[in-house]
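Welcome to this guided tour. Keep your viewer open and get ready to select residues as you read.

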Amino acid sequence: LQRLEPAGGESDQKKREKYLAAANQGLYRLLRLADHLEFADARDQDLYRPAPLDMAGFCRELFREVESVCAMSGYRFSYETELVTLLTVGDEALLRRLVLSLVSNAMKAAGAGGALGARLAKRRGRAVLTVWDRGKEARGVSMDPGEGLGLGLEAVRRIARLHGGFLMMEGRPEEGLRAVVSLPVQPPEAGVGLRSPAGEYAGGFSPVLVELSDVLSARVFAPEDVI
């Protein structure tokens, strides 16, 4: 922030914009840390608030935003599904956290310029979400929090469990890592209104930018993009 002191000249203006983007990213990372600590400390009964949800519409909107910020950071992201709608019951905020945590892990594994993606399917009465990456090097599944993987996956497992589902991890040589979340489809009760999926903006901060702030490029946080 000290570097933002104006000194005059066009080149100095570009530097200030660069420093401000980095400062913005730092703020989002602090918000992410505080949010993770609050989540870890919360009780299950205080977290899980299920409501009718169109899982297909939810994923479609969320991954559209993920694809946009990935492209700005040099990642290749793709999402595919044959589902137009998938009515179920779930906690939209928790599911968003689950999805973005898996995307964050996949981006770290893929590396800058790497490829990752997601797929949503329905199999035997369950919603199956797969997040994959094309890791640059063949590797197994690491649970070491020091590698930026263990703590995020623990949150994913917790959220999946609250929804009656589970998480599976699969490492394949030359194919990177695949995370598969399987959740039971619970049709909403008759007469209960369905909420349209929409991004939550607490205090004006995008959940996508907050959760992915540690892997996105600083230019994504330029003032003209985040305001």
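What follows is a walk through the structure, stop by stop.

**Before you start**

This is a predicted model, in which local features need pLDDT of at least 70, side-chain atom pairs count only at pLDDT 80 or more, and totals for chains, interfaces and linings use all residues. Residues are numbered from 1 along each chain as its sequence is written, and side-chain values use heavy atoms, with hydrogens and water left out.

**Stop 1: helix 3**

Select residues 55–72, which make up helix 3. Helices here are DSSP runs of H or I with at least four residues, strands are runs of E with at least two, and both are numbered from the N terminus. How far apart are the end C-alpha atoms of helix 3? They are 26 Å apart, in agreement with the 26 Å that its 18 residues should span at 1.5 Å a residue. The expected span is 1.5 Å times one less than the number of residues.

Now select D54, which caps the N-terminal end of helix 3. One of its side-chain oxygens lies 3.2 Å from the backbone nitrogen of A56. Just after helix 3, pick G74, which takes a positive phi of about 90°.

**Stop 2**

Next, colour the buried residues of helix 3, among them F58, L62, F63, V66 and V69. Buried means under 20% relative accessible area, exposed means over 50%, and partly exposed is in between (1.4 Å probe, protein chains only). Are C59 and C70 buried or exposed? C59 is buried, at a relative accessible area of 0%, and C70 is buried at 0% too. While you have cysteines selected, note that the whole structure holds zero disulfides (pairs of cysteine sulfur atoms within 2.5 Å).

Also in helix 3 is E67, which is partly exposed at 43% relative accessibility. Draw a line from the C-alpha atom of E67 to that of Y79: the separation is 8.2 Å, with the two residues 12 apart along the chain.

**Stop 3: salt bridges**

A salt bridge is a side-chain nitrogen of Lys or Arg within 4 Å of a carboxyl oxygen of Asp or Glu, and the count comes to 12.

- R64 is partly exposed at 47%, and E61 is partly exposed at 37%.
- Select E80 and R119, which form a salt bridge at 3.4 Å, N to O. E80 is in strand 2 (residues 76–81) and R119 in strand 4 (residues 115–123), so the pair ties together parts 39 residues apart in sequence. E80 is partly exposed at 45%, as is R119 at 27%. Salt bridges with shared partners also join R32, K108, E211 and D214 into one network.
- Select D44 and R158, a salt bridge at 2.8 Å, N to O. D44 belongs to helix 2 (residues 44–47) and R158 to helix 5 (residues 150–162), 114 residues apart. D44 is partly exposed at 23%, whereas R158 is buried at 14%.

**Stop 4: rings**

A charge sits over a ring if NZ of Lys or CZ of Arg is within 6 Å of the ring centre and within 35 degrees of the ring normal. Likewise, the charged end of R134 sits over the ring of W132, 4.5 Å from its centre.

Note on methods:
A polar contact is a pair of N or O atoms within 3.5 Å; within protein, one must be able to donate a hydrogen and the other to accept it, and residues adjacent in sequence count only if both atoms are side-chain atoms.
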